[in-house]
Amino acid sequence: MSKSLLKRFEWKDKLLAFIVPLLVLVAWQSAVSLQLFSEMILVPPLTVMNTLVDLARTGDLTNNIISSLKRVLSGFLLGASTGFFLGLLMGLSSLLDRFVGPLIKACKQVPQFALMPLIILWFGIDEVSKVVFISIGAFFPMVFNTYQGVSGVPKKYRELARVFNYKSFRYLTKVILPGALPSIITGVRHSLGLSWMFVVGAELFGSESGVGYMMVWARQLFQIDIVMAGLFVIGIIGFTMNIILQIIEKRVLRWRVSFDGRMA
Amino acid sequence: MSIGKGILEIKNLSKSFIVDNNPLQVLNDINITIPPGNFVSIIGSSGCGKTTLLRIVLGLETNYEGDALIDGEQIEGPGINRGIVFQDHRLLPWLTVGENVAFGLDGKSRKETEVIVDEHLKLVGLNGFKSAYPCQLSGGMAQRAAIARALANKPEILLLDEPLGSLDAMTRMHMQKELERIWLFEKITMILVTHDVEEAIYLGDKVVIMSSRPGVIKKIIDIPFTRPRDRSSYEFMQIKSEILEEFHLGVEHPFIYSI
(Lines give C-alpha, C1' and ligand atoms only; values in the text may rest on other atoms or scores of the structure.)
Protein backbone atom coordinates (compact mmCIF):
# COMPACT_ATOMS: atom_id res chain seq x y z
CA MET A 1 0.00 0.00 0.00
CA SER A 2 1.44 3.37 -0.94
CA LYS A 3 2.00 6.01 1.68
CA SER A 4 -0.43 8.55 0.17
CA LEU A 5 -3.19 5.97 0.18
CA LEU A 6 -2.51 5.28 3.84
CA LYS A 7 -2.71 8.99 4.59
CA ARG A 8 -6.04 9.25 2.82
CA PHE A 9 -7.41 6.46 4.97
CA GLU A 10 -6.34 8.24 8.13
CA TRP A 11 -8.03 11.37 6.89
CA LYS A 12 -11.22 9.46 6.22
CA ASP A 13 -11.02 7.95 9.69
CA LYS A 14 -11.02 11.41 11.17
CA LEU A 15 -14.01 12.41 9.08
CA LEU A 16 -15.98 9.49 10.52
CA ALA A 17 -15.90 11.17 13.91
CA PHE A 18 -18.02 14.02 12.57
CA ILE A 19 -20.87 11.93 11.25
CA VAL A 20 -22.62 11.19 14.54
CA PRO A 21 -22.42 14.78 15.87
CA LEU A 22 -23.84 16.01 12.56
CA LEU A 23 -26.73 13.55 12.81
CA VAL A 24 -27.40 14.71 16.35
CA LEU A 25 -27.46 18.32 15.18
CA VAL A 26 -29.89 17.45 12.39
CA ALA A 27 -32.12 15.50 14.79
CA TRP A 28 -31.98 18.38 17.27
CA GLN A 29 -32.92 20.98 14.67
CA SER A 30 -35.73 18.82 13.26
CA ALA A 31 -37.12 18.12 16.72
CA VAL A 32 -37.52 21.87 17.19
CA SER A 33 -38.77 22.48 13.63
CA LEU A 34 -41.37 19.74 14.02
CA GLN A 35 -42.36 21.42 17.29
CA LEU A 36 -41.81 18.27 19.31
CA PHE A 37 -40.41 20.45 22.07
CA SER A 38 -40.93 24.06 22.92
CA GLU A 39 -38.20 26.38 21.63
CA MET A 40 -37.97 27.71 25.16
CA ILE A 41 -36.81 24.35 26.49
CA LEU A 42 -34.91 22.94 23.55
CA VAL A 43 -33.29 25.91 21.90
CA PRO A 44 -32.48 25.22 18.24
CA PRO A 45 -28.76 24.86 17.42
CA LEU A 46 -28.67 27.94 15.23
CA THR A 47 -30.00 30.12 18.03
CA VAL A 48 -27.39 28.70 20.37
CA MET A 49 -24.73 29.56 17.79
CA ASN A 50 -26.04 33.12 17.53
CA THR A 51 -26.08 33.45 21.30
CA LEU A 52 -22.52 32.19 21.40
CA VAL A 53 -21.43 34.78 18.85
CA ASP A 54 -23.24 37.51 20.80
CA LEU A 55 -21.63 36.44 24.06
CA ALA A 56 -18.24 36.40 22.41
CA ARG A 57 -18.79 39.84 20.90
CA THR A 58 -19.64 41.52 24.19
CA GLY A 59 -16.54 40.00 25.80
CA ASP A 60 -18.64 38.38 28.53
CA LEU A 61 -17.76 34.92 27.36
CA THR A 62 -14.02 35.55 27.22
CA ASN A 63 -14.00 37.05 30.69
CA ASN A 64 -15.92 34.13 32.10
CA ILE A 65 -13.69 31.61 30.38
CA ILE A 66 -10.57 33.36 31.65
CA SER A 67 -11.77 33.43 35.25
CA SER A 68 -12.74 29.74 35.03
CA LEU A 69 -9.38 28.83 33.52
CA LYS A 70 -7.54 30.72 36.25
CA ARG A 71 -9.33 28.69 38.92
CA VAL A 72 -8.68 25.47 37.02
CA LEU A 73 -5.01 26.29 36.76
CA SER A 74 -4.49 27.02 40.45
CA GLY A 75 -6.67 24.11 41.57
CA PHE A 76 -4.96 21.74 39.16
CA LEU A 77 -1.45 22.84 40.14
CA LEU A 78 -2.24 22.47 43.84
CA GLY A 79 -4.05 19.13 43.58
CA ALA A 80 -1.92 17.50 40.91
CA SER A 81 1.41 18.40 42.51
CA THR A 82 0.26 17.11 45.90
CA GLY A 83 -1.02 13.97 44.21
CA PHE A 84 2.21 13.55 42.29
CA PHE A 85 4.48 13.78 45.32
CA LEU A 86 2.33 11.56 47.47
CA GLY A 87 1.98 9.01 44.65
CA LEU A 88 5.74 9.08 44.11
CA LEU A 89 6.49 8.53 47.80
CA MET A 90 3.89 5.76 48.05
CA GLY A 91 5.35 4.09 44.98
CA LEU A 92 8.86 4.24 46.42
CA SER A 93 8.05 3.17 49.96
CA SER A 94 5.80 0.22 50.52
CA LEU A 95 5.65 1.19 54.19
CA LEU A 96 4.05 4.56 53.40
CA ASP A 97 1.82 2.82 50.90
CA ARG A 98 0.52 0.51 53.60
CA PHE A 99 -0.01 3.46 55.94
CA VAL A 100 -1.93 5.84 53.71
CA GLY A 101 -2.88 3.80 50.61
CA PRO A 102 -6.11 2.32 52.01
CA LEU A 103 -7.16 5.69 53.44
CA ILE A 104 -6.77 7.42 50.09
CA LYS A 105 -8.61 4.62 48.31
CA ALA A 106 -11.46 4.94 50.80
CA CYS A 107 -11.60 8.72 50.40
CA LYS A 108 -11.84 8.34 46.65
CA GLN A 109 -15.16 6.56 47.12
CA VAL A 110 -16.72 9.63 48.73
CA PRO A 111 -18.50 11.71 46.06
CA GLN A 112 -16.44 14.87 46.09
CA PHE A 113 -19.40 17.12 45.38
CA ALA A 114 -20.68 16.12 48.80
CA LEU A 115 -17.67 17.87 50.29
CA MET A 116 -18.57 21.27 48.89
CA PRO A 117 -20.70 22.41 51.86
CA LEU A 118 -17.87 21.48 54.24
CA ILE A 119 -15.27 23.19 52.10
CA ILE A 120 -17.34 26.35 52.03
CA LEU A 121 -17.71 26.13 55.78
CA TRP A 122 -13.94 25.80 56.27
CA PHE A 123 -12.55 28.03 53.54
CA GLY A 124 -15.34 30.57 53.01
CA ILE A 125 -17.40 31.20 49.94
CA ASP A 126 -14.80 33.01 47.86
CA GLU A 127 -11.92 31.91 45.63
CA VAL A 128 -10.06 29.73 48.14
CA SER A 129 -12.86 27.24 48.57
CA LYS A 130 -13.24 26.90 44.79
CA VAL A 131 -9.54 26.27 44.29
CA VAL A 132 -9.55 23.73 47.13
CA PHE A 133 -12.55 21.97 45.61
CA ILE A 134 -10.90 21.76 42.19
CA SER A 135 -7.66 20.56 43.74
CA ILE A 136 -9.49 17.65 45.35
CA GLY A 137 -10.75 16.65 41.92
CA ALA A 138 -7.25 16.97 40.47
CA PHE A 139 -5.60 15.11 43.34
CA PHE A 140 -7.08 11.63 43.00
CA PRO A 141 -6.25 10.70 39.41
CA MET A 142 -2.75 12.07 39.91
CA VAL A 143 -1.99 10.20 43.11
CA PHE A 144 -3.22 6.87 41.77
CA ASN A 145 -1.62 7.08 38.36
CA THR A 146 1.72 8.27 39.73
CA TYR A 147 1.68 5.52 42.33
CA GLN A 148 0.85 2.92 39.71
CA GLY A 149 3.53 4.19 37.36
CA VAL A 150 6.26 4.29 40.00
CA SER A 151 5.48 0.95 41.60
CA GLY A 152 5.02 -0.56 38.15
CA VAL A 153 8.57 0.12 36.95
CA PRO A 154 9.68 -3.46 36.24
CA LYS A 155 11.94 -5.12 38.77
CA LYS A 156 14.44 -5.94 36.04
CA TYR A 157 15.13 -2.24 35.49
CA ARG A 158 15.47 -1.58 39.23
CA GLU A 159 17.94 -4.44 39.40
CA LEU A 160 19.86 -3.00 36.47
CA ALA A 161 20.12 0.31 38.30
CA ARG A 162 21.47 -1.58 41.31
CA VAL A 163 24.08 -3.34 39.18
CA PHE A 164 25.31 0.04 37.96
CA ASN A 165 25.30 1.53 41.47
CA TYR A 166 22.56 4.06 40.83
CA LYS A 167 21.79 6.08 43.93
CA SER A 168 18.81 8.24 44.92
CA PHE A 169 18.66 11.22 42.57
CA ARG A 170 20.14 9.53 39.53
CA TYR A 171 17.97 6.48 40.16
CA LEU A 172 14.88 8.65 40.37
CA THR A 173 15.50 10.78 37.30
CA LYS A 174 16.99 8.14 35.02
CA VAL A 175 15.00 5.04 35.89
CA ILE A 176 11.92 5.57 38.04
CA LEU A 177 10.44 8.75 36.60
CA PRO A 178 10.96 7.91 32.92
CA GLY A 179 9.54 4.45 33.57
CA ALA A 180 6.53 5.91 35.31
CA LEU A 181 6.04 8.68 32.78
CA PRO A 182 3.33 7.07 30.62
CA SER A 183 1.21 6.55 33.70
CA ILE A 184 2.01 10.01 35.07
CA ILE A 185 0.91 11.65 31.83
CA THR A 186 -2.35 9.71 31.92
CA GLY A 187 -2.73 11.06 35.44
CA VAL A 188 -2.16 14.64 34.26
CA ARG A 189 -4.75 14.21 31.54
CA HIS A 190 -7.43 12.86 33.83
CA SER A 191 -6.49 15.32 36.52
CA LEU A 192 -6.83 18.31 34.22
CA GLY A 193 -10.07 16.94 32.77
CA LEU A 194 -11.58 16.56 36.22
CA SER A 195 -10.37 20.02 37.25
CA TRP A 196 -12.27 21.46 34.35
CA MET A 197 -15.41 19.59 35.38
CA PHE A 198 -15.01 20.61 38.99
CA VAL A 199 -14.64 24.29 38.19
CA VAL A 200 -18.10 24.38 36.71
CA GLY A 201 -19.39 22.60 39.80
CA ALA A 202 -17.58 25.02 42.09
CA GLU A 203 -19.01 28.01 40.28
CA LEU A 204 -22.53 26.82 40.96
CA PHE A 205 -22.00 27.95 44.56
CA GLY A 206 -21.83 31.69 45.19
CA SER A 207 -19.72 32.84 42.34
CA GLU A 208 -19.52 36.11 40.42
CA SER A 209 -17.74 34.98 37.31
CA GLY A 210 -16.89 31.92 35.29
CA VAL A 211 -18.61 29.71 32.77
CA GLY A 212 -20.50 27.84 35.49
CA TYR A 213 -21.68 31.14 36.98
CA MET A 214 -22.80 32.29 33.54
CA MET A 215 -24.92 29.16 33.17
CA VAL A 216 -26.48 29.30 36.65
CA TRP A 217 -27.38 32.92 36.22
CA ALA A 218 -28.89 32.29 32.78
CA ARG A 219 -30.93 29.38 34.10
CA GLN A 220 -32.41 31.59 36.77
CA LEU A 221 -33.43 34.09 34.09
CA PHE A 222 -34.64 31.20 31.93
CA GLN A 223 -32.17 32.01 29.17
CA ILE A 224 -31.75 28.42 28.10
CA ASP A 225 -29.83 29.45 24.98
CA ILE A 226 -27.03 30.75 27.21
CA VAL A 227 -27.06 27.57 29.30
CA MET A 228 -26.64 25.52 26.15
CA ALA A 229 -23.98 27.84 24.79
CA GLY A 230 -22.18 27.35 28.10
CA LEU A 231 -22.38 23.58 27.76
CA PHE A 232 -20.93 23.84 24.30
CA VAL A 233 -18.03 26.00 25.48
CA ILE A 234 -17.26 23.62 28.34
CA GLY A 235 -17.20 20.69 25.97
CA ILE A 236 -14.97 22.39 23.42
CA ILE A 237 -12.46 23.59 26.02
CA GLY A 238 -12.29 20.20 27.73
CA PHE A 239 -11.82 18.52 24.38
CA THR A 240 -9.08 20.96 23.36
CA MET A 241 -7.18 20.44 26.61
CA ASN A 242 -7.30 16.71 26.08
CA ILE A 243 -6.00 17.02 22.52
CA ILE A 244 -3.14 19.31 23.56
CA LEU A 245 -2.11 16.83 26.25
CA GLN A 246 -2.30 13.96 23.80
CA ILE A 247 0.05 15.79 21.45
CA ILE A 248 2.48 16.40 24.33
CA GLU A 249 2.16 12.74 25.32
CA LYS A 250 3.04 11.57 21.83
CA ARG A 251 6.09 13.82 21.83
CA VAL A 252 7.36 12.83 25.25
CA LEU A 253 6.71 9.12 24.78
CA ARG A 254 8.35 8.85 21.38
CA TRP A 255 10.21 5.74 22.58
CA ARG A 256 6.96 3.88 22.95
CA VAL A 257 6.05 3.89 19.28
CA SER A 258 6.77 0.47 17.95
CA PHE A 259 8.99 -0.40 15.05
CA ASP A 260 7.71 1.62 12.12
CA GLY A 261 9.73 0.08 9.33
CA ARG A 262 11.91 3.16 8.89
CA MET A 263 15.08 1.11 8.94
CA ALA A 264 13.84 -1.87 7.01
CA MET B 1 49.84 -16.44 32.48
CA SER B 2 50.29 -12.83 33.51
CA ILE B 3 48.89 -11.81 36.87
CA GLY B 4 46.27 -9.36 35.63
CA LYS B 5 43.29 -8.03 37.52
CA GLY B 6 40.05 -9.87 37.76
CA ILE B 7 40.90 -13.13 39.46
CA LEU B 8 37.79 -14.78 40.82
CA GLU B 9 38.10 -17.26 43.69
CA ILE B 10 35.11 -19.15 44.99
CA LYS B 11 35.75 -21.30 48.04
CA ASN B 12 33.31 -23.57 49.87
CA LEU B 13 30.45 -21.42 48.66
CA SER B 14 26.93 -22.43 49.70
CA LYS B 15 23.68 -20.61 49.37
CA SER B 16 20.15 -21.42 50.38
CA PHE B 17 16.86 -19.64 49.96
CA ILE B 18 13.86 -19.82 52.24
CA VAL B 19 10.93 -21.24 50.31
CA ASP B 20 7.64 -21.65 52.17
CA ASN B 21 9.48 -21.34 55.49
CA ASN B 22 11.84 -24.19 54.57
CA PRO B 23 15.44 -23.65 53.60
CA LEU B 24 16.17 -24.77 50.07
CA GLN B 25 19.82 -25.36 49.29
CA VAL B 26 20.62 -24.07 45.82
CA LEU B 27 24.41 -24.12 45.92
CA ASN B 28 26.51 -26.57 47.89
CA ASP B 29 30.25 -26.27 48.47
CA ILE B 30 31.24 -24.66 45.20
CA ASN B 31 35.00 -24.34 44.62
CA ILE B 32 36.49 -22.77 41.55
CA THR B 33 39.22 -20.31 40.69
CA ILE B 34 39.05 -18.39 37.45
CA PRO B 35 42.28 -16.69 36.43
CA PRO B 36 42.19 -13.30 34.69
CA GLY B 37 41.41 -13.32 31.02
CA ASN B 38 39.85 -16.77 31.03
CA PHE B 39 36.62 -17.69 29.32
CA VAL B 40 34.65 -20.10 31.48
CA SER B 41 31.37 -21.66 30.47
CA ILE B 42 29.02 -22.93 33.15
CA ILE B 43 26.51 -25.46 32.01
CA GLY B 44 23.79 -27.34 33.78
CA SER B 45 20.15 -28.21 33.62
CA SER B 46 17.68 -25.65 34.89
CA GLY B 47 17.58 -25.34 38.66
CA CYS B 48 21.25 -26.18 39.17
CA GLY B 49 21.93 -22.77 40.66
CA LYS B 50 24.11 -21.48 37.85
CA THR B 51 22.24 -18.22 37.66
CA THR B 52 22.40 -17.88 41.46
CA LEU B 53 26.15 -18.37 41.27
CA LEU B 54 26.34 -15.60 38.69
CA ARG B 55 24.18 -13.31 40.80
CA ILE B 56 26.49 -13.88 43.77
CA VAL B 57 29.50 -12.89 41.69
CA LEU B 58 27.56 -9.90 40.42
CA GLY B 59 26.76 -8.86 43.99
CA LEU B 60 22.98 -9.13 43.79
CA GLU B 61 22.85 -12.06 46.23
CA THR B 62 24.92 -11.24 49.27
CA ASN B 63 23.71 -13.66 51.89
CA TYR B 64 25.94 -16.66 51.26
CA GLU B 65 28.27 -18.95 53.17
CA GLY B 66 31.88 -19.41 52.16
CA ASP B 67 34.04 -17.09 50.11
CA ALA B 68 33.50 -15.31 46.85
CA LEU B 69 36.57 -13.19 46.23
CA ILE B 70 37.58 -10.87 43.42
CA ASP B 71 41.27 -9.98 43.58
CA GLY B 72 41.19 -11.27 47.14
CA GLU B 73 38.27 -9.14 48.26
CA GLN B 74 34.93 -10.51 49.42
CA ILE B 75 32.03 -9.61 47.15
CA GLU B 76 29.56 -7.54 49.13
CA GLY B 77 27.53 -5.84 46.45
CA PRO B 78 27.52 -4.78 42.82
CA GLY B 79 30.54 -2.92 41.51
CA ILE B 80 31.76 -1.57 38.22
CA ASN B 81 34.58 -4.13 38.07
CA ARG B 82 31.88 -6.60 37.01
CA GLY B 83 29.59 -6.26 34.02
CA ILE B 84 26.52 -8.30 33.20
CA VAL B 85 24.56 -9.23 30.11
CA PHE B 86 21.17 -10.70 30.98
CA GLN B 87 19.14 -13.10 28.90
CA ASP B 88 16.63 -10.35 28.21
CA HIS B 89 18.62 -7.42 26.88
CA ARG B 90 17.22 -5.06 29.54
CA LEU B 91 17.82 -1.97 27.51
CA LEU B 92 15.79 0.86 28.96
CA PRO B 93 13.09 1.48 26.35
CA TRP B 94 13.01 5.23 26.99
CA LEU B 95 16.70 5.71 26.25
CA THR B 96 18.31 5.59 22.81
CA VAL B 97 20.87 2.90 22.08
CA GLY B 98 23.66 5.42 22.70
CA GLU B 99 22.16 6.52 26.01
CA ASN B 100 21.72 2.90 27.02
CA VAL B 101 25.37 2.16 26.34
CA ALA B 102 26.28 5.21 28.43
CA PHE B 103 23.92 4.09 31.23
CA GLY B 104 26.65 2.80 33.52
CA LEU B 105 29.07 5.64 32.92
CA ASP B 106 29.24 8.05 35.80
CA GLY B 107 31.30 11.16 36.38
CA LYS B 108 32.57 11.32 32.81
CA SER B 109 32.45 14.47 30.71
CA ARG B 110 30.06 14.61 27.80
CA LYS B 111 32.95 14.30 25.39
CA GLU B 112 34.48 11.30 27.13
CA THR B 113 31.09 9.60 27.26
CA GLU B 114 30.61 10.23 23.56
CA VAL B 115 33.99 8.68 22.74
CA ILE B 116 33.35 5.61 24.92
CA VAL B 117 29.89 5.07 23.47
CA ASP B 118 31.07 5.36 19.87
CA GLU B 119 33.99 3.07 20.54
CA HIS B 120 31.78 0.36 22.04
CA LEU B 121 29.01 0.63 19.46
CA LYS B 122 31.71 0.09 16.87
CA LEU B 123 33.08 -2.87 18.80
CA VAL B 124 29.73 -4.65 18.78
CA GLY B 125 28.96 -3.61 15.21
CA LEU B 126 26.15 -1.19 15.94
CA ASN B 127 27.59 2.04 14.56
CA GLY B 128 24.82 4.01 12.98
CA PHE B 129 22.22 2.91 15.52
CA LYS B 130 23.21 5.33 18.26
CA SER B 131 20.00 7.34 18.16
CA ALA B 132 17.66 4.42 17.52
CA TYR B 133 15.32 3.29 20.29
CA PRO B 134 15.48 -0.31 21.58
CA CYS B 135 12.04 -1.06 20.16
CA GLN B 136 13.53 -0.55 16.72
CA LEU B 137 16.21 -3.22 17.16
CA SER B 138 16.06 -6.93 16.44
CA GLY B 139 16.81 -9.40 19.23
CA GLY B 140 20.42 -9.89 18.18
CA MET B 141 21.04 -6.17 17.81
CA ALA B 142 19.52 -5.46 21.21
CA GLN B 143 21.82 -8.05 22.76
CA ARG B 144 24.81 -6.42 21.05
CA ALA B 145 23.81 -3.11 22.59
CA ALA B 146 23.52 -4.79 25.99
CA ILE B 147 27.05 -6.19 25.57
CA ALA B 148 28.32 -2.71 24.66
CA ARG B 149 26.68 -1.30 27.79
CA ALA B 150 28.27 -3.96 29.98
CA LEU B 151 31.71 -3.33 28.49
CA ALA B 152 31.56 0.47 28.56
CA ASN B 153 32.63 0.53 32.20
CA LYS B 154 35.73 -1.54 31.42
CA PRO B 155 34.84 -4.36 33.82
CA GLU B 156 37.47 -6.92 34.82
CA ILE B 157 34.89 -9.68 34.68
CA LEU B 158 31.99 -9.89 32.27
CA LEU B 159 29.14 -12.15 33.36
CA LEU B 160 26.90 -13.54 30.66
CA ASP B 161 23.62 -15.03 31.86
CA GLU B 162 22.33 -17.05 28.90
CA PRO B 163 22.78 -13.97 26.74
CA LEU B 164 21.99 -15.75 23.50
CA GLY B 165 19.22 -17.94 24.89
CA SER B 166 16.38 -16.08 23.27
CA LEU B 167 17.93 -15.76 19.82
CA ASP B 168 17.23 -18.00 16.86
CA ALA B 169 19.80 -20.68 16.02
CA MET B 170 21.54 -18.88 13.17
CA THR B 171 21.75 -15.54 14.96
CA ARG B 172 23.02 -17.38 18.01
CA MET B 173 25.91 -19.01 16.16
CA HIS B 174 26.80 -15.69 14.64
CA MET B 175 26.70 -13.98 18.04
CA GLN B 176 28.94 -16.71 19.49
CA LYS B 177 31.58 -15.75 16.96
CA GLU B 178 31.06 -12.12 17.85
CA LEU B 179 31.43 -12.84 21.56
CA GLU B 180 34.68 -14.64 20.90
CA ARG B 181 35.98 -11.74 18.83
CA ILE B 182 35.04 -9.26 21.56
CA TRP B 183 36.64 -11.43 24.24
CA LEU B 184 39.88 -11.70 22.25
CA PHE B 185 39.86 -7.93 21.79
CA GLU B 186 39.03 -6.93 25.38
CA LYS B 187 41.18 -9.61 27.05
CA ILE B 188 38.95 -9.73 30.15
CA THR B 189 37.52 -12.61 32.15
CA MET B 190 34.21 -13.80 30.84
CA ILE B 191 31.89 -16.20 32.60
CA LEU B 192 29.09 -17.58 30.49
CA VAL B 193 26.09 -19.39 31.88
CA THR B 194 24.33 -21.40 29.23
CA HIS B 195 22.38 -24.56 28.66
CA ASP B 196 23.67 -24.99 25.15
CA VAL B 197 26.46 -27.60 25.25
CA GLU B 198 27.87 -26.61 21.87
CA GLU B 199 27.98 -22.95 22.86
CA ALA B 200 29.77 -23.82 26.09
CA ILE B 201 32.49 -25.76 24.23
CA TYR B 202 32.77 -23.31 21.37
CA LEU B 203 33.51 -20.39 23.70
CA GLY B 204 34.98 -21.82 26.89
CA ASP B 205 38.58 -22.40 27.93
CA LYS B 206 36.91 -24.49 30.58
CA VAL B 207 33.44 -25.94 30.80
CA VAL B 208 32.05 -26.25 34.31
CA ILE B 209 29.30 -28.84 34.57
CA MET B 210 26.84 -28.37 37.39
CA SER B 211 24.16 -30.70 38.58
CA SER B 212 21.06 -29.76 40.48
CA ARG B 213 19.43 -30.12 43.89
CA PRO B 214 21.57 -28.92 45.47
CA GLY B 215 23.75 -27.25 42.87
CA VAL B 216 27.23 -28.71 42.92
CA ILE B 217 30.10 -28.69 40.47
CA LYS B 218 30.11 -32.12 38.93
CA LYS B 219 33.03 -31.80 36.61
CA ILE B 220 35.34 -29.22 35.07
CA ILE B 221 36.51 -29.99 31.56
CA ASP B 222 39.41 -28.16 29.89
CA ILE B 223 38.87 -27.33 26.25
CA PRO B 224 42.34 -27.31 24.70
CA PHE B 225 41.37 -26.48 21.11
CA THR B 226 42.81 -23.53 19.25
CA ARG B 227 40.47 -20.75 18.20
CA PRO B 228 38.40 -20.29 16.16
CA ARG B 229 36.95 -23.69 16.84
CA ASP B 230 35.40 -26.07 14.39
CA ARG B 231 32.06 -27.28 15.67
CA SER B 232 32.07 -30.25 13.35
CA SER B 233 35.58 -31.52 14.10
CA TYR B 234 35.97 -34.97 15.60
CA GLU B 235 37.51 -33.70 18.86
CA PHE B 236 34.76 -31.16 19.29
CA MET B 237 32.10 -33.80 18.82
CA GLN B 238 33.84 -36.10 21.21
CA ILE B 239 33.91 -33.54 24.03
CA LYS B 240 30.31 -32.73 23.23
CA SER B 241 29.23 -36.33 23.66
CA GLU B 242 31.36 -36.60 26.81
CA ILE B 243 29.46 -33.68 28.30
CA LEU B 244 26.08 -34.95 27.11
CA GLU B 245 26.98 -38.21 28.82
CA GLU B 246 27.11 -36.30 32.10
CA PHE B 247 23.46 -35.38 31.60
CA HIS B 248 22.60 -38.93 30.61
CA LEU B 249 21.89 -37.71 27.14
CA GLY B 250 24.60 -39.70 25.40
CA VAL B 251 23.73 -42.32 22.85
CA GLU B 252 23.87 -45.63 24.71
CA HIS B 253 24.96 -47.89 21.91
CA PRO B 254 26.37 -45.89 19.08
CA PHE B 255 26.06 -48.17 16.16
CA ILE B 256 27.53 -47.19 12.87
CA TYR B 257 27.77 -49.50 9.99
CA SER B 258 28.47 -49.21 6.39
CA ILE B 259 28.50 -51.60 3.53
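Author: Let us start with a lining, bearing in mind that this is a predicted model. The largest cavity is lined by Leu8(B), Ile10(B), Ile32(B), Ile34(B), Ile42(B), Leu53(B), Leu54(B), Val57(B) and Ile191(B).

Reader: How many nonpolar, polar and charged residues does the lining of the largest cavity have?

Author: Sorted by class, that lining has nine nonpolar residues, with no polar and no charged ones.

Reader: What shows where empty space is left?

Author: The general idea is that a probe the size of a water molecule is rolled over the atoms, which shows where empty space is left.

Reader: Which element gives the largest share of the lining of the largest cavity?

Author: That share, three residues, comes from α1(B), while β1 (8–19), β2 (22–34) and α1 of chain B each supply at least two residues.

Reader: And which residues line the second largest cavity?

Author: They are Thr51(B), Leu54(B), Arg55(B), Leu58(B), Leu60(B), Ile84(B), Phe86(B) and Asp161(B), and by class they comprise five nonpolar, one polar and two charged residues. Here too the largest share, four residues, comes from α1(B).

Reader: Why is helix α1 of chain B largely enclosed by the rest of the structure?

Author: In general, an α-helix has 3.6 residues a turn, so residues three or four places apart point the same way. In helix α1 (residues 50–58) of chain B, seven of the nine residues are buried, so the helix is largely enclosed by the rest of the structure. The buried residues are Lys50(B), Thr52(B), Leu53(B), Leu54(B), Ile56(B), Val57(B) and Leu58(B), where buried means under 20% relative accessible area. After α1(B) comes Gly59(B), with a positive phi near 100 degrees.

Reader: In what order do the six strands of the open sheet in chain B lie?

Author: The order is β6-β7-β8-β3-β9-β10, with mixed pairing. At the edges are β6 (82–85) and β10 (216–222) of chain B, each of which pairs on one side only, and the twist averages 20 degrees from one strand to the next. Within this sheet, strands β3 (residues 39–44) and β8 (residues 189–194) of chain B run parallel and are joined by five bridges, and Phe39(B) has Met190(B) as its bridge partner in β8(B).

Methods
Residues are numbered from 1 along each chain as its sequence is written. Chains are lettered from A and ligands numbered from 1 in the order in which they are written. This is a predicted model: local features need pLDDT of at least 70, side-chain atom pairs count only at pLDDT 80 or more; totals for chains, interfaces and linings use all residues. Side-chain values use heavy atoms; hydrogens and water are left out. Buried means under 20% relative accessible area, exposed over 50%, partly exposed in between (1.4 Å probe, protein chains only). Two strands pair if DSSP finds at least two bridges between them. Axes are lines fitted to C-alpha atoms, for helices over the stretch in contact, and angles run from 0 to 180 degrees between N-to-C directions. On a 1 Å grid over the protein atoms alone, a cavity is a set of points where a 1.4 Å probe fits but cannot get out, and a pocket is an open set with protein on both sides within 12 Å along at least five of seven lines; lining residues have an atom within 4 Å of a point. Ala, Val, Leu, Ile, Met, Phe, Trp, Tyr, Cys and Pro count as nonpolar, Asp, Glu, Lys and Arg as charged, and the others, Gly among them, as polar.
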